[in-house]
Amino acid sequence: MACTTYLTRVLGYLALHNRKLSPRMRAVMEAIPGCVLVSVVAPYFASGEPADLCALTITLICAIRLPFLATVLIGIGSAALLRQMMVF
């Protein structure tokens with residue numbers, strides 16, 4: 001996920017560094033890494049696994065109050081911990 005996000009930033013810069021972007025295009029380019037992360041993560045929540053749904057809830061609550069890095073770390077940690085605790 002990190003490599004894909006980083007590559008979208010770098011490739012976008014390399015492809016568009018000589019061009020003047022409109023405000024709308026700039027907003028689109030800034031949203032791309034988030035879209036990549038959502039497309040990678042979203043299928044796990046469609047699975048209906050209780051541990052993943054609980055981790056999603058925890059991550060959403062953290063996203064309201066905490067910075068991005070803290071939210072990502074808590075989301076990954078809570079998913080791992082809840083998957084271990086909810087093994088049948």
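A salt bridge is a side-chain nitrogen of Lys or Arg within 4 Å of a carboxyl oxygen of Asp or Glu. The structure described here is a predicted model, and it holds one salt bridge.

**The salt bridge**
- Side chains of opposite charge can pair when their charged atoms come close.
- In this model, the side chains of Arg83 and Asp52 form the salt bridge, with an N to O distance of 2.9 Å.
- The pair links distant parts of the chain, since Arg83 belongs to helix H4 and Asp52 to helix H3 (residues 50–65), 31 residues apart.
- Arg83 is partly exposed, with a relative accessible area of 40%, whereas Asp52 is buried at 6%.

- Thr71 lies in helix H4 (residues 68–85).
- Thr71 has a relative accessibility of 7%, and it is therefore counted as buried, the cut-off being under 20%.
- Apart from neighbours within four places in sequence, Thr71 is in contact with Thr59, Cys62, Ala63 and Leu66.

**The nonpolar surface patch**
- Tyr6, Leu7, Leu11, Tyr13 and Leu14 make a nonpolar surface patch of about 590 Å².
- Leu11, one of these residues, is found in helix H1 (residues 2–16) and is exposed, with a relative accessible area of 51%.

**The second largest pocket**
- The second largest pocket contains about 270 Å³ of space.
- Its lining consists of 13 residues, of which Arg9, Gly12, Tyr13, Leu21 and Met29 lie nearest the centre.
- H1 and helix H2 (23–45) are the elements that give two or more residues to this lining.

Technical notes: Residues are numbered from 1 along each chain as its sequence is written. This is a predicted model: local features need pLDDT of at least 70, side-chain atom pairs count only at pLDDT 80 or more; totals for chains, interfaces and linings use all residues. Side-chain values use heavy atoms; hydrogens and water are left out. Patches are made of residues with over 30% relative accessible area and no salt bridge: like charges are joined within 9 Å, nonpolar side chains (Val, Leu, Ile, Met, Phe, Trp, Tyr) within 5 Å. Accessible areas come from the Shrake-Rupley method with a 1.4 Å probe; for residues, only the protein chains shown count as cover. Helices (H or I, at least four residues) and strands (E, at least two) are DSSP runs, numbered from the N terminus. Buried means under 20% relative accessible area, exposed over 50%, partly exposed in between (1.4 Å probe, protein chains only). Contact means heavy atoms within 4.5 Å. On a 1 Å grid over the protein atoms alone, a cavity is a set of points where a 1.4 Å probe fits but cannot get out, and a pocket is an open set with protein on both sides within 12 Å along at least five of seven lines; lining residues have an atom within 4 Å of a point. Grid points are joined across faces, edges and corners, and a volume is the space filled by probe spheres set on the points.
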